[in-house]
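This briefing goes through one protein chain by topic. Keep the structure open while reading.

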Amino acid sequence: IHSGQPSVDFIDYATRHVLLRQGVLGIKVKIMLEQANGKKALPDAVLVLEPKEDDAPVTVSVQVMAPVPVAQPVEESAPAEEAFI
């Protein structure tokens, strides 16, 4: 968690600097705190509910129809060649 209100609520930060012969060494630590049961939950916590039971079962009616006849393609005669003058 790096941003937003959950980072303020659930992350504890610590920074320490150590002076060494070769220079300064900095250490940063982020610790995620435990969630208290009565307090806030992370925003990605999902509550799964049981599905509601339907009072009456759903009935589906199907009507069978006769197939639609397909029109036969009409054959066209070849166009006559016209003589250009």
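**Overall layout**

Along the sequence, the protein chain runs in the pattern α-β-β. That amounts to 1 helix and 2 strands. The model is predicted.

**Chain totals**

- The protein chain has 85 residues, and 6% of them count as buried.
- Its accessible surface comes to about 9,400 Å². Carbon and sulfur atoms hold 58% of that surface.
- Take the contacts in the protein chain with a separation of 6 or more: 28% of them link residues 24 or more positions apart.

**The strand pair**

- Strand β1 covers residues 11-20, and strand β2 covers residues 23-32.
- In which sense do strand β1 and strand β2 pair, and over how many bridges? The pairing is antiparallel and spans 10 bridges.
- The link from β1 to β2 is a hairpin of 2 residues.
- V18 has L25 in β2 as its bridge partner.
- H17 has G26 in β2 standing opposite.

**The nonpolar patch**

- Which element gives the most to the nonpolar patch? It is β2, with 4 residues.
- In a regular strand, side chains alternate between the two faces of the sheet.
- L33 has a relative accessible area of 38%, so it is partly exposed. The range for that class lies between 20% and 50%.

- H2 lies in the segment before α1, the helix of residues 5-10.
- Is H2 buried or exposed? H2 is exposed, because its relative accessibility is 68% and the cut-off is over 50%.
- H2 and K30 are 28 residues apart in sequence. Their C-alpha atoms are 9.9 Å apart in space.
- The side chains of H2 and K30 make a polar contact at 3.2 Å.
- Beyond residues up to four places away in sequence, H2 touches S7 and K30.

**S7 in the helix**

- S7 is part of helix α1.
- Its relative accessible area is 7%, so S7 counts as buried. The cut-off for buried is under 20%.
- The S7 side chain reaches the backbone oxygen of G4 at 2.6 Å.
- Which residues does S7 contact, leaving aside neighbours within four places in sequence? They are I1, H2 and Y13.
- H2 is exposed, whereas S7 is buried, and H2 touches S7.

**D12 in β1**

- D12 has its place in strand β1.
- D12 counts as partly exposed because its relative accessibility is 42%.
- D12 and V29 are 17 residues apart along the chain. Their C-alpha atoms are separated by 8.2 Å.
- Leaving aside neighbours within four places in sequence, D12 contacts V29, K30, I31 and L33.

**R16 in β1**

- R16 is found in strand β1.
- R16 counts as exposed because its relative accessibility is 60%.
- R16 is in contact with L25, G26 and I27, its neighbours within four places in sequence left aside.

Terms used. Residues numbered from 1 in each chain as written. Predicted model: local features only at pLDDT ≥ 70, side-chain atom pairs only at ≥ 80, totals over all residues. Heavy atoms only, no water. Buried < 20%, exposed > 50% of the residue type's maximum accessible area, 1.4 Å probe, protein only. Contact = heavy atoms within 4.5 Å. Areas by Shrake-Rupley, 256 points an atom, 1.4 Å probe, with all protein chains shown as cover. Pairing = 2+ DSSP bridges. Polar contact = N/O pair within 3.5 Å; in protein donor to acceptor, adjacent residues only side chain to side chain.
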